[in-house]
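Welcome! Here is a short briefing to read alongside the structure, taking the domains, the ligand and some helix pairs in turn.

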Amino acid sequence: MTIHSDSLTSIERNRRPYDDVMATIGWTPLIRLNKITRGIRTRVYGKAEFFNPGGSVKDRIGMPIIERAEREGRLKPGGTIVEGTSGNTGVGLAIAAAIKGYRCIFTMPDKMSQEKVRLLKAFGADVIITPTAVPPDHPDNYVMMAKRIAEETPNAILANQFYNEANPEAHYATTGPEIWEQTEGRITHFVSSAGTGGTTTGAGRYLKEKNPKLQVVVGDPVGSILAELWRSKGQTKPEGVPYKVEGVGQDKLPGTLDLSVIDEYQTVSDRDSFAMARRLTREEGLFVGGSSGLIVHVALNVARRIDDPNAVIVALLCDTGERYLSKLYSDEWMRENQMMEPDKLTLQSLLARKDGDTPSVVSIASGATVRQALRLMTLHDVSQLPVMDGDSCVGSVSDWSLSARSLENTKLLDATISDIMDAPFPVVESTQSVDAIAKLLSKANPAVLVRSGGRLAGIVTRSDVLQVMMAR
Ligand SMILES: Cc1ncc(COP(=O)(O)O)c(C=O)c1O
């Protein structure tokens, strides 16, 4: 069973000029995920919402919210649109406001990326940043602050995406029907994540009306309360904790989320969400944000579990990765936030970085004297030496121990190394990571010898490893 890959609508798209940018919103492509689904028989498609002119699924709700307020007589020419937004709704509203000639004021929690703040300002909006770590009913909460500004500004409306029925209705009227048509009615699972819940409720409701057996599966970030509320059917009062994925999850149940539309909720960590977003970009060429990663992580769980070549899973790809270049697409940011393992620097690469003037291993023979060993260490400016017998390390000497003992008893300067040497340095393979050998370096072991292809390739000391760690 195949879904025709070039439906009439997509062929017709963009063949004629549009009256304005609003007409280009929606009818986003449905794109099969091929690489990340390797080994899984279930087909998984991504609904690429980043093709919208403002780069996200939220473009769909801007105009419907504004037009509803106009119809109800709440918004008049020259008016202002106020909203608490994680960014994308702001862009959707700003595009529609630009066409209609309204002013925009947006409040935004401070965890949101700088790119999003700059983006909204680029559309001419005023942006007010609020603290993320405040309870939902605190006056500094971004939604509470937006409410206050809307009340205090003449001829202003609060877009109120969390309670405005125009939000789910927009997805009922567009996102749902598009997916139904694009899959020729074969979709079996719709996977999304809820911020306001507008997409899940609207598209999910439409698709379930078309096929009551269709499963709506929703991903929720660890720290959000929505999945727990759904599981307990509203019987518990979970407390949210901060998390890093933007735009989805909540610390309060939004009025626009109908939990009864949902058949399954899965909780996903920031780490898994970001890792999958990066894979979508690198392996599928789909440059998406963290919430898309979260949703596709869930979609793959479902795809693996049902393992059904007749099933069709559609995962929402909510927004563009450009909004997160300084976050999940920055290796530094990922490491700082413990979302990625530290750089795996191997001993081989560490040795390659070392000063070229010093021989790769400065060593001394077991028959040499202490005097010779001390001279050798001064000459090459090293603090320890392996004692070598041919290719084998039979012992070691260190600057501080030899100097201290020779000062106590100067006769020791002419002693033979093999009589006074310490234990040999451990020998490790050059493919090992610097982090892995750090624990071998102790008071008794100031260095390790590095072997490559069966031969001695160099020496790595405590101070070499410390320098790597300090540079992180
Ligand atoms: C990046 C991103 N993904 C997903 C969503 C969730 O969409 P909805 O509010 O329709 O639940 C949002 C909403 O703000 C978002 O910004």
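This is a predicted model: local features need pLDDT of at least 70, side-chain atom pairs count only at pLDDT 80 or more; totals for chains, interfaces and linings use all residues.

**Domains, ligand and helix packing**

Which domains give residues to the shell around the ligand? Domain 1 and domain 2 both do, so the ligand lies between them.

**Around the ligand**

- The ligand is surrounded by 21 residues, and the closest are Gly195, Thr196, Thr199, Gly247 and Cys318.
- Two elements give two or more residues to this shell: helix H3 (88–100) and helix H8 (198–210).
- Helix H8 provides the largest share of the shell, with 3 residues.
- Sorted by class, the shell has 14 polar, 4 nonpolar and 3 charged residues.

**How to read a helix pair**

- Two packed helices are described by two values, the angle between their axes and the distance between those axes.
- Keep both values in mind as you look at the pairs below.

**Helix H2 with helix H3**

- The axes of H2 and H3 are 7 Å apart, and the two helices pack at an angle of about 50°.
- H2 and H3 are therefore oblique to each other, and H2 passes H3 in a right-handed crossing.
- On the H2 side, the contact is made by Asp59, Arg60, Ile61, Gly62, Met63, Ile65 and Ile66.
- On the H3 side, the contact is made by Thr89, Val91, Gly92, Leu93, Ile95, Ala96, Ala97 and Lys100.
- By class, the contact of H2 with H3 has 9 nonpolar, 3 polar and 3 charged residues.

**Helix H2 with helix H6**

- Helix H2 (residues 59–71) also meets helix H6 (residues 166–173): their axes come within 9 Å and cross at roughly 125°.
- The crossing of H2 and H6 is right-handed.
- From H2, the residues in this contact are Arg60, Ile61, Pro64, Ile65 and Arg68, and they meet Ala166, Asn167, Glu169, Ala170 and His171 in H6.
- The contact of H2 with H6 comprises 5 nonpolar, 2 polar and 3 charged residues.

**Helix H7 with helix H8**

- Helix H7 (residues 175–182) packs with H8 at an angle of about 45°, and their axes are 8 Å apart.
- That angle makes H7 oblique to H8, and the crossing of H7 and H8 is right-handed.
- H7 brings Thr175, Gly176, Pro177, Ile179 and Trp180 to the contact, while H8 brings Thr199, Gly202, Ala203, Tyr206, Leu207 and Lys210.
- The classes in the contact of H7 with H8 are 6 nonpolar, 4 polar and 1 charged.
- Look for Thr199 in particular: Thr199 of H8 takes part in the contact with H7, and Thr199 is also among the closest residues to the ligand.

Methods: Residues are numbered from 1 along each chain as its sequence is written. A residue is near a molecule or strand if its C-beta atom, placed from the backbone, lies within 6 Å of it. Helices (H or I, at least four residues) and strands (E, at least two) are DSSP runs, numbered from the N terminus. Ala, Val, Leu, Ile, Met, Phe, Trp, Tyr, Cys and Pro count as nonpolar, Asp, Glu, Lys and Arg as charged, and the others, Gly among them, as polar. Domain bounds come from an automatic or database domain assignment. Axes are lines fitted to C-alpha atoms, for helices over the stretch in contact, and angles run from 0 to 180 degrees between N-to-C directions. A crossing is left-handed if the near helix is turned anticlockwise from the far one by less than a right angle, and right-handed if clockwise. Two residues are in contact if their C-beta atoms, placed from the backbone, lie within 7 Å. Angles under 35 degrees count as roughly parallel, over 145 as roughly antiparallel, 65 to 115 as roughly perpendicular and the rest as oblique.
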